[in-house]
Amino acid sequence: MAQYQQSAGHDGLGLDLRSLKPARGFVTVVISTLMLIVVCAIFAPSAISAGGLAGSLPFAAIIAIVGLGQMLVVQQGGFDLSLAGGVSLAVVITTHMSGGSDAQLFSSIAFALACAVVAGSVNGLLVGVLRLNAIVATIGMNALLYGAVFAVSGGVPRITTPLMAQIAGGKTLGVPNSVLFALVIMLLVSFVLKKTVIGRRFEAIGANPAAAHAAGLKVQLYQAMAYVFAQLHYCVAGILISGITREPTAFQGDSLLLPSVAVVVLAGTSLLGGRGFPISTVLAAYFLNQLSQFALAVGVPFSAQTIIQALALVFGIGVYSLRWKQAATKRALKSKTEETDNEA
Amino acid sequence: MKLNAMKMTAACAVTTLSMGLAASTALAQTPSWCGPNEASLALLDGFGGNSWRLVTTASGAEEAAKCPSITEYVYADGQGDTQKAISDINSMAARGIKAMVVFGDAGPAVLPALTNAHRAGTIVVPYRVNVGGVEGENYAKFIGSSFVEDGVSWGNWIKEVLPEGGNVLFLSGPAGNSQGVDELAGMKQVLDDKYVFINPEPFAVTNWDPSLTQQVLSAEIAKNDKIDVIVSDFGPSLVGALPVFAEFGRSIPALATSDGNSLSCFYEQNKDANPDFKLFTVATGNDNVRLAVQWAVALATGGTPPTDEIFKAPVYENSVSGTPNPVTCRPDLPGSIYLSAEMADDAQAKAVGQ
């Protein structure tokens, strides 16, 4: 609740809070990332070598894109578990429908995007309009999407078209194209969320749907659209995977669900809804990916790799939560509310 | 049996294939493992959703079709769900299927169900994945695959191409999988201390997932200036990852692995640009199911069981010596088929739906 009040209060309260808060989430992620880079430089320099980054950054870009999609849903206080199905469906549509031929590539991509809009609309209808629990609705949608994955692919992987491999796996001026895609999407999301009326309303609704409704905003529509745009993000991520991985499996989305939630949380978006932090989300995606590269580069056994990643995540989220609590206490004092216990 | 037969028709989660059509091809010559007693046969998969499994399943059906005494052949896919795999086994036993060939992906978790079926009088033949238990007590016969043998084949080839020793990077599937452990044991039998394994013990974990393989491989390449040979037990999953070497301006090294059409074609396309790229493959083992089917059919119909009890994957391609085969790419066929399998290439293409 403190989150709601403080976020809802933004537009009215003036610049001091507004400039402080993004800095807090952002600073945490930046510091964690810089620390990780220093640790890599000392213990596993190969993880931050040019070649090492060229191999790992495309996967960070994928996590960033699905993370941005998940962020939109989390901003509305929801959860999107249909991410895995959405990503996998986009992968199999672009690899199977194109049949390995460049000529069919763009029509298959258009079809994948259309499917994403349909899936997102159904999610939006169920959660935004019919008020179903987001977890229940999207887990059902995930099963439906996997049904479609099997219908399209029969579960069989297929090799991507050469053009797609070039688009998603290629480089422009030494930067992997997938990273450029992620950056463009991040700028787009940031611009729309922070600089347009639609985006401001979207955040206000996430922060306090009741107040937004009282103010005459179309709460249901905005909440529903969060799911549609989230699916479009997953779809783009799936299309990129089909180019980055030559022969992607039909279940490529499975391993992305947890990272997508992790980066949203690491970036400081409240699971109760409210403000989103696109730039921090992308940085957190880099952080998370770099962490697994670090664990790989150190060359410890697999069990230790998993533990290192888990500890770093706990550390990242722990640092963030502690800062949160302090901040929340201050804010609570300031606004004379007594709801800090929700932040623990 | 009558009741069971009725249940049989009621079950809907299972694909039923009529053997009548296929039987005509088998009339020419009945193999010795096919006895005179009529029987029904089920092939149970723990997870059927990749091209390797599709080819394997089709191979199993093809083998069963050689025996006219098999009156019915059914297939069930556990879809990677242990609960479903167990219930498939139970329902097949309840339906009165005479013999079942089981790919027990879940390992010992399916053993109780197999044991129950065995005690109920079904001929149970698990294959490839070790499910624990004892032959004759928990099931009729286990038809394993000699992964140690694969390791020995790779090790011998590595000694040929790198007589002075070198750095070996070994990639396998999920952490602790017994296949990878056995293969390592096989390699260690042949390779001495001159050959250094640069991966974490016992192997680099890839989950046999192409995208994770790519990340693992790029981390290993960045870390190690010198990789002389890569060993992987799932060759086609490397196709997406090997171009990473170009990022570092290095040649793809020698590769000892299992076969796949996409991998062979990748070799053909990239061998000129990569002077150190040599390829050695063992058959990826789709035909393991044939041996298991032969055993199950022999025990169920009163035929003569085959002499082999373990499937030994033969060496398939060797780009250096060209024996037993040079690297063979069929660009006209899908990348996800296995030319090493006994099944005809076109039939495989049909099996994987392309």
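Good morning. In what follows, a helix is a DSSP run of H or I with at least four residues, a strand is a run of E with at least two, and both are numbered from the N terminus. The model I am presenting is predicted. I shall begin with each chain, continue with the contact between the chains, and close with some individual residues.

Let me begin with chain A. How many helices and strands does chain A have? Chain A has 15 helices and two strands. Of its 344 residues, 55% are buried. If we take the contacts in chain A with a separation of 6 or more, 78% of them are between residues 24 or more positions apart.

Chain B, for its part, contains 12 helices and 14 strands. Its 354 residues include 56% that are buried. Among its contacts between residues at least 6 apart in sequence, 75% link residues at least 24 apart. As for overall dimensions, the C-alpha atoms of chain B occupy a box of roughly 70 × 40 × 35 Å along the principal axes. The radius of gyration of chain B is 21 Å, and this agrees with a compact globule, because a globule with 354 residues would have a value near 20 Å.

I turn now to the contact between the two chains. It involves 30 residues from chain A and 30 residues from chain B. Which elements of chain B give two or more residues to the side that touches chain A? They are α3 (51-64), α8 (210-223) and α9 (244-247) of chain B. The largest share of that side, 10 residues, is supplied by α8(B). Sorted by class, the side of chain B that touches chain A consists of 14 nonpolar, 12 polar and four charged residues.

Helix α6, residues 105-129 of chain A, packs with helix α7, residues 134-153 of chain A, at an angle of about 155 degrees, and their axes are 9 Å apart. This angle makes α6(A) roughly antiparallel to α7(A), since angles over 145 degrees are counted in that class. The crossing of α6(A) and α7(A) is right-handed. On the α6(A) side, the contact is made by A119(A), V122(A), N123(A), L126(A) and V127(A). On the α7(A) side, the contributors are A134(A), A137(A), T138(A), M141(A) and L145(A). By class, the contact between α6(A) and α7(A) has eight nonpolar residues, two polar residues and no charged ones.

The loop between α6 and α7 of chain A holds R131(A). R131(A) is not a glycine, yet its phi is positive, at about 60 degrees. Is R131(A) buried or exposed? R131(A) is exposed, because 11 other C-beta atoms lie within 10 Å, and the limit for that class is 12 or fewer.

Also in chain A, F43(A) belongs to helix α3, residues 15-43. With 11 C-beta neighbours inside 10 Å, F43(A) is likewise counted as exposed. F43(A) and V298(A) are separated by 255 residues in sequence, while their C-alpha atoms are 6.9 Å apart in space.

Let us return to chain B and to G48(B), in the loop between β2 (39-45) and α3 of chain B. G48(B) is buried, because it has 22 other C-beta atoms within 10 Å, and 20 or more are required for that class. What does G48(B) touch, leaving aside residues up to four places away in sequence? Its contacts are R53(B), T57(B), D77(B) and Q79(B). One of these, D77(B), is 29 residues from G48(B) along the chain, and the two C-alpha atoms are separated by 5.5 Å.

As background, most residues other than glycine have a negative phi, and most peptide bonds are trans. N207(B), not a glycine, has a positive phi of about 55 degrees. N207(B) sits in the loop between β9 and α8 of chain B. With 18 other C-beta atoms within 10 Å, N207(B) is partly exposed.

Where are cis peptide bonds found? One runs from E201(B) to P202(B), with omega near -10 degrees, and P202(B) is in the loop between β8 (195-197) and β9 (204-205) of chain B. Another cis bond joins T323(B) and P324(B), with omega of about 0 degrees. P324(B) lies in the loop between β14 (315-318) and α12 (345-351) of chain B. Thank you for your attention.

How values were computed. Residues numbered from 1 in each chain as written. Chains lettered and ligands numbered in written order. Predicted model: local features only at pLDDT ≥ 70, side-chain atom pairs only at ≥ 80, totals over all residues. Contact = placed C-beta atoms within 7 Å. Nonpolar A, V, L, I, M, F, W, Y, C, P; charged D, E, K, R; others polar. Axes fitted to C-alpha atoms, helices over the stretch in contact; angles between N-to-C directions. Parallel < 35°, antiparallel > 145°, perpendicular 65-115°, else oblique. Left-handed = near helix turned anticlockwise from the far one by under 90°. Rg over C-alpha atoms; globule rule 2.2 N^0.38 Å.
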